[in-house]
Amino acid sequence: MDKVLNFKQGRVPLLISMPHAGVRLTPAVQAGLIPEAQSLPDTDWHIPQLYEFAQALGASTLAAEYSRFVIDLNRPSDDKPLYVGATTGLYPATLFDGVPLFREGLEPSVEERTRYLEQVWTPYHSTLQQELARLKAEFGYALLFDAHSIRSVIPHLFEGQLPDFNLGTFNGASCDPQLANQLEAICARHTDYSHVLNGRFKGGHITRHYGNPAENIHAVQLELGQRTYMEEIEPFRYRPDLATPTQVVLKELLQGLLDWGQKHYQR
C-alpha cells in the first residue's frame, strides 16, 4: 500500500479527524464493486476542502486517503456493531441504501482484508493516538473533532430528513457535558440550520474509543447533512454558495472547542 493518510500537525490542542473522506480503492475492491458503487456514493465528500480553514485556527488534521469501501476507519478492529438496527461494518457489505456493495463472489479475500487492517486502519489509528498523546503532553488536555457528512435522506438508515448538524458525544461519555452544551448552543444560534445532540448518530468508534474526559481527552463527532455544502446526487458537486455560510458555523464550533478548553484548563 502507498500513501494511506494525510496528516498535518498544528499548534493548538485540537485534532480534526476525517476518516471517511478517502476516495482511493484497491484493485480488489475496484474489481468487485457493483456499478452503482463505482461513484463512491457513501463518501464524506469534500470534507478536507470544507475544513480548509482549520489550518488557520492552528488545528491538526488527519484525513483518510482510502475509501470506506476498502475498510471503515470509524469501526473497531474486531468489527463489533456500534448501532442497533441497520448499520455498516468494518468491511462494508452494503451501500447505505441496503444494496449489496460487491458483485456475488467478488468480495475481497480474507487475506486482502487482513492487509487493509494492517496497512490502512492501523496507521490511521496509530497516528490519531500519537497526536492525541502529543497534544495532551504539551497542553495537559486534547480535543478531538471527528468530522463526517452524510446524505440528508437515507430511509434504510433513518426516518425522514436528518438534521443539518448532528453532534455526537456517545450520550455524554466522550466529552465534558458543559462542552457539549456549549457546542449545541452555538448550533442553536444559527436558526437557518437544524441540529441535534446524540440523535441517530451518537459517535462512532473514534469518538467512543478515544474520548475520555477523565483523562482530559474530549471527543465530539459531527455528522453534517451534505445538503448544507454540496449536491447530494452524482456527481456530488461542491457548492461554495452553500458551503461558505456552513463554514461560519463550523468555525464557531471549532473555536468554541478551543475556547472551552482554554477556559476549563487555565493554569
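Author: Thr127 counts as buried, because its relative accessibility is 18% (buried means under 20% relative accessible area, exposed over 50%, partly exposed in between, with a 1.4 Å probe and protein chains only). This is a predicted model: local features need pLDDT of at least 70, side-chain atom pairs count only at pLDDT 80 or more, and totals for chains, interfaces and linings use all residues. Residues are numbered from 1 along each chain as its sequence is written, and side-chain values use heavy atoms, with hydrogens and water left out.

Reader: Where is Thr127 found, and what is Thr127 in contact with, leaving aside neighbours within four places in sequence?

Author: Thr127 is in helix 4 (helices, H or I of at least four residues, and strands, E of at least two, are DSSP runs numbered from the N terminus). Leaving aside neighbours within four places in sequence, Thr127 is in contact with Leu5, Phe7 and Leu62; contact means heavy atoms within 4.5 Å.

Reader: Which strands does helix 4 lie across?

Author: Helix 4, residues 110–139, lies across strand 1, strand 2, strand 3 (60–64), strand 4 and strand 7 (217–225). Helix 4 runs at about 170° to strand 2; axes are lines fitted to C-alpha atoms, for helices over the stretch in contact, and angles run from 0 to 180 degrees between N-to-C directions. Helix 5 (residues 177–189) also packs on the sheet, touching strand 5 (165–168), strand 6 and strand 7.

Reader: What is the order of the strands in the sheet?

Author: The sheet is open, with seven strands in the order 1-3-2-4-7-5-6 and mixed pairing. Two strands pair if DSSP finds at least two bridges between them. Strand 1 (5–8) and strand 6 (195–197) each have a single partner strand, so one side of each has no neighbour in the sheet.

Reader: In which sense do strand 2 and strand 4 pair?

Author: Strand 2 (residues 14–18) and strand 4 (residues 142–150) pair in the parallel sense, over four bridges. Ser17 stands opposite Asp146 in strand 4.

Reader: Last one: is Thr244 buried or partly exposed?

Author: Thr244 is partly exposed, with a relative accessible area of 45%. Its place is in helix 7 (residues 240–264).
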